[in-house]
Amino acid sequence: MTSKRLAQRSYYGKALADLAKTDDRVVVLDADLAGSTKTGNFASAAPERFIEVGIAEANMIGVAAGLAASGKTAFASTFGVFASGRCWEQIRMAVAYPKLNVKIVATHCGLSVGPDGATHQALEDISLMRSLPNMTVIVPCDAYEAYAATMALAQMEGPAYMRMGRSEFPVVMPEGCEFRIGKATVMREGSDVSIIACGQMVGAALEAAEALSAEGINAEVVNMSTIKPLDSEAVEATVAKTGAVVTVEEHSIIGGLGSAVAEYLSENMPAPLVRVGTRDTFGESGEADELLVKYGLTASDVAAAARNAIKKKR
Amino acid sequence: MMNDLGIGEIQNIANKLRLDVIEMTTAAGSGHPGGSLSAADLLATLYFRIMNIDPQNPYMEDRDRFVLSKGHAAPILYAALAERGYFPLEEIKTLRKIGTRLQGHPAYREVPGVEVTTGSLGQGLSMACGIALAGKMDGKDYRTYCLMGDGELQEGQNWEAAMFAHKYGLSNLIGFVDRNRLQICGNTEDVMCLDPLPEKFRAFGWNVIVIDGHNIRQIIDACEKAVRSRKNPTVVIMNTVKGKGVSFMENNVEFHGKACNPEEYAKAVAELKAVIQ
């Protein structure tokens, strides 16, 4: 892990600008947030294929569906709360059910949105999107993975939701990394406990593993960057090794990564599980780092959860 | 091409479509006959005279597109597609039954000729905007026709789409409003008033044409006028009668979402057969 901090959305913008040059099927829609979501990079590179819809997310999804039904690969972006919530039913009928080639890419997800407060902190978006049939759900762990995932989405046929944060946070993947949809990455091998994380919490998980190793606890860290379809082989493989699991996400423990892993484990290979995430609560205003501390999403919270999971082993 | 069909022939086809609607909703035991019958003259005119389409090649690149925003009127769309040769007519009796392609509301490409998925109201115009915009981007000449119900204009998304169509100069987009003035809970003006509807669309930058939606000549003239627009989208507000063509269904909101019982079926069929040549 380096100390380099980068914003995922900047690399989403870079990827779109690169796609503007290489893939003329790609069109990009935004709802008056192009400066924040960084779709503005695409607008500069291919203005004729950038569609400003104004503050009208429901219409954005319908227009994207129409473009996709006409052979385009439509990326539609806004903040996570709006992208997943305001137009959920539009996504359901116009995009997910007909399996249209619309990629909903949300920025400013999670608590680390910071001072804007609870209204703007999407903590339910993975849950909302994961429950839709045909929907692929991706949560890249850093800026480099966000770039690679954007490129992978442009190649993929069908609907997808990608979730990114607002703030700059440490990169944990190598620049130029590949992204395979539906494939998890083992970031660190271990035998005592599996820490399965997504988004910026992968960084916290790696930090926690480092701290645990000083206590003689050998934690495996898995970057579950595709939440749906869940890489169940990766879950099985790591749990077979360790026998105890911690999930970590900057999202509610209801319906997100923790739920996805819990569902899989309880049906297929029951194992002690501790979920780290927000606990059925809204966020509030504050600086990103302060909020992560207050809501129990730091490396030390992850380490504590790992000790707890190990204790539950029989 | 069937563009040379005369008005009498189209009128006759419209009545055949009406009979198909009664046959299929009765066979299904459910469905939405009222708002299907009010749109029969429009669909007959579009599918048998106006649109550039080829049932043998349903997704040819330059085809005109039709979006049924009021998706509950699926029976009239299925009737038009079947009578035009997109799929076998006998299949209409599978409407709403398990395993059918004829879903209760139209599903994208389940049946050839269904361009988008609709049923949840207020979304079709947005999709039609996307299709029309793609045509402009790609330099295509096709036109996109979108039929909305009047009640569904209470959904705010329509007005987001209306602003969008004007901003992007979607002159290749032609909307129709089936202004039958009835929705489930009664008269549209009592439930949530829509008038003055022409002024609303004009204020959003659209060309507006108001016609009698059961007059084939007026529908053809409106379409010909709309396609001459070089700048703005056009909406044709069609004054219609819900349940048109079956006496006891006309202006009767009870038949918004209810099929005929055996006696009603016999009466409806007799009435329609009497006017079909």
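Helix axes are lines fitted to C-alpha atoms over the stretch in contact, and the angles between their N-to-C directions run from 0 to 180 degrees. Helices (H or I, at least four residues) and strands (E, at least two) are DSSP runs numbered from the N terminus. The structure is a predicted model, in which local features need pLDDT of at least 70, side-chain atom pairs count only at pLDDT 80 or more, and totals for chains, interfaces and linings use all residues. Residues are numbered from 1 along each chain as its sequence is written, chains are lettered from A in the order in which they are written, and side-chain values use heavy atoms, with hydrogens and water left out.

Chain B and chain A bury about 1900 Å² between them, 61% of it on carbon and sulfur atoms; buried area is the accessible area (1.4 Å probe) that two parts lose on being put together, summed over both. In this interface, 26 residues of chain B are in contact (heavy atoms within 4.5 Å) with 25 residues of chain A.

One helix pair spans the two chains. The axes of H4 (residues 57–69) of chain A and H6 (residues 157–167) of chain B come within 8 Å and cross at roughly 65°. H4(A) is therefore roughly perpendicular to H6(B), a term for angles of 65 to 115 degrees; those under 35 count as roughly parallel, those over 145 as roughly antiparallel and the rest as oblique. Glu57(A), Ala58(A), Asn59(A) and Val63(A) of H4(A) meet Gln157(B), Glu160(B), Ala161(B) and Phe164(B) of H6(B). By class, this contact has four nonpolar, two polar and two charged residues. Ala, Val, Leu, Ile, Met, Phe, Trp, Tyr, Cys and Pro count as nonpolar, Asp, Glu, Lys and Arg as charged, and the others, Gly among them, as polar.

Within chain B, the axes of H1 (residues 7–28) and H10 (residues 262–275) come within 9 Å and cross at roughly 165°. H1(B) and H10(B) are therefore roughly antiparallel to each other. Their contact has seven nonpolar, three polar and three charged residues.

A salt bridge is a side-chain nitrogen of Lys or Arg within 4 Å of a carboxyl oxygen of Asp or Glu. The whole structure has 27 salt bridges over all chains, and one lies across the interface of chain B and chain A. Lys72(A) and Asp138(B) form a salt bridge through their side chains, at 2.6 Å from N to O. In chain A, Glu220(A) forms a salt bridge with Lys241(A), with the closest N and O atoms 2.5 Å apart. This pair links distant parts of the chain, 21 residues apart: Glu220(A) is in strand E11 (residues 219–223) and Lys241(A) in helix H10 (residues 232–242) of chain A.
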